Amino acid sequence: MTDDQVIAARERANRKASSRVGRIVTGLPDRRARIEETTINLPGRRLMLRTYRPKSTNRRLPLIVSFHGGGFISGTAVQNDWLNSHLAARCPAVVVSVEYRLAPEHPLPRPVDDGYDTLLRLVDGAVGQGIDPTAIAVMGESAGGMIAALVALRARKDGPLLGAQVLNYPTTDWTETMTDYSSMVENADNPALPLSRLRAGRKLSLPSALDPRSVSPLKFDSLAGLPPTLVVIAALDPVADHGRRYVERLREDDTEASLSCYPRATHSFLSTPGLVPAARPARREILAFLRGQLYQALPG
C-alpha cells in the first residue's frame, strides 16, 4: 500500500469505529461519565485529547493517560470509549486518551514524544483540571501499550512519578526479533492481528535511522524502578509472548508485575467487547488494579 492508501484506510476505519454500527462491536460509553474533546498545543504540533470524567464528583481525581492501539498506523481514541469511560466513572479518575501522531506521516519516536509531552503538560496543569498530581497511571493497548511502557521508562528518569501502568496485549519488541516468539507461530493465522499487518506497522513506523531497541521496552537493559504493572494478554494473540516476556523481565529487575491471560480472547479484545465476552472480566480486573494503586496514596 502507498502512504496515501494507508491514510485513506485509517480514515475509513476510524469513521466506522465512531459510527452507530461500530458501537455494536466497540461498546457504548458509560453514561455516568462525560466525554470532552479538546486540543493541546505542544512544540511544533497540536494534538486532540479525548477526556473522560465522572459526572458526579467535585474532588480531585487520579489521572490515567491512555493510548489506543493500531500498530502506529491506525486507530483512534474513540475505540476505547467503552473501557475509558467506565474507568473514569468507577475508579473514579480523569482519563485522557491521546490522539498521538501516526505513521507513515509521523514515524517513531514521534508517537512516544506525543505521549510523554502530553503527560508532562497534564501534570503541570493538574490542579486546575481537578487532577491529583500524586496519583498518575499510564495505560495502553497493543502499540499504545508500547507507548505507555516507553513513557513509563522515560518518566522513571525524568519524572513525573507514576503510580501504575496497565499494558493491554502490548507489543514490546519492535526489533528484527519481533516475530521470534512461540505465540507468533501458534497464532499466526488469527485474523485479529495478521502477521502481515504487524510487519506493515513496523515497516511504516520505524525509520531506518532509528535504533529499534530504543523503542522496544523489552530490549532495555534495565526495567528496575518502574511502577507496579498489570499486563493483560490474550491467549489467541500472536503478540501474547511480548507481554509474557515483559512481565518476566520486570520481575527479574524487581519491579512489581502481574500477568493476566484470557484463554478465549484475541488481540484487541478490550476494544471489541461486543464480540469477545472476556472483555468484561478483564475490565473489572483493570479497574480493581488501578483503583488499588492510585487511591492507596491519597488521603481520605
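**View 1. Arg101 sits in a loop.** Helices (H or I, at least four residues) and strands (E, at least two) are DSSP runs, numbered from the N terminus. The model is predicted: local features need pLDDT of at least 70, side-chain atom pairs count only at pLDDT 80 or more, and totals for chains, interfaces and linings use all residues. Residues are numbered from 1 along each chain as its sequence is written, and side-chain values use heavy atoms, with hydrogens and water left out. Is Arg101 buried or exposed? Arg101 is buried, because its relative accessible area is 17%. Buried means under 20% relative accessible area, exposed over 50%, partly exposed in between (1.4 Å probe, protein chains only).

**View 2. Arg101 has contacts with several residues.** Arg101 touches Arg45, Leu47, His106, Arg110, Pro111 and Asp114, leaving aside residues up to four places away in sequence. Contact means heavy atoms within 4.5 Å. Phe72 is 29 residues from Arg101 in sequence, yet 8.2 Å away in space, C-alpha to C-alpha.

**View 3. One cavity of 30 Å³ or more is found in the whole structure.** The largest cavity has a volume of about 40 Å³. On a 1 Å grid over the protein atoms alone, a cavity is a set of points where a 1.4 Å probe fits but cannot get out; a pocket is an open set with protein on both sides within 12 Å along at least five of seven lines; lining residues have an atom within 4 Å of a point. Grid points are joined across faces, edges and corners, and a volume is the space filled by probe spheres set on the points. The cavity lining includes Ser66, Asn84 and Glu141. Strand E5 supplies the largest share, three residues.

**View 4. The largest pocket has a volume of about 1,100 Å³.** Its lining counts 41 residues; Ala13, Gly70, Ser74, Ala192 and Arg197 lie nearest the centre. Helix H1 (3-18), helix H2 (20-26) and helix H7 (195-205) each supply at least two lining residues.

**View 5. The second largest pocket holds about 220 Å³ of space.** Of its 14 lining residues, Thr38, Leu49, Thr51, Leu122 and Gln129 lie nearest the centre. Which strand gives the most to this lining? E1 does, with four residues.
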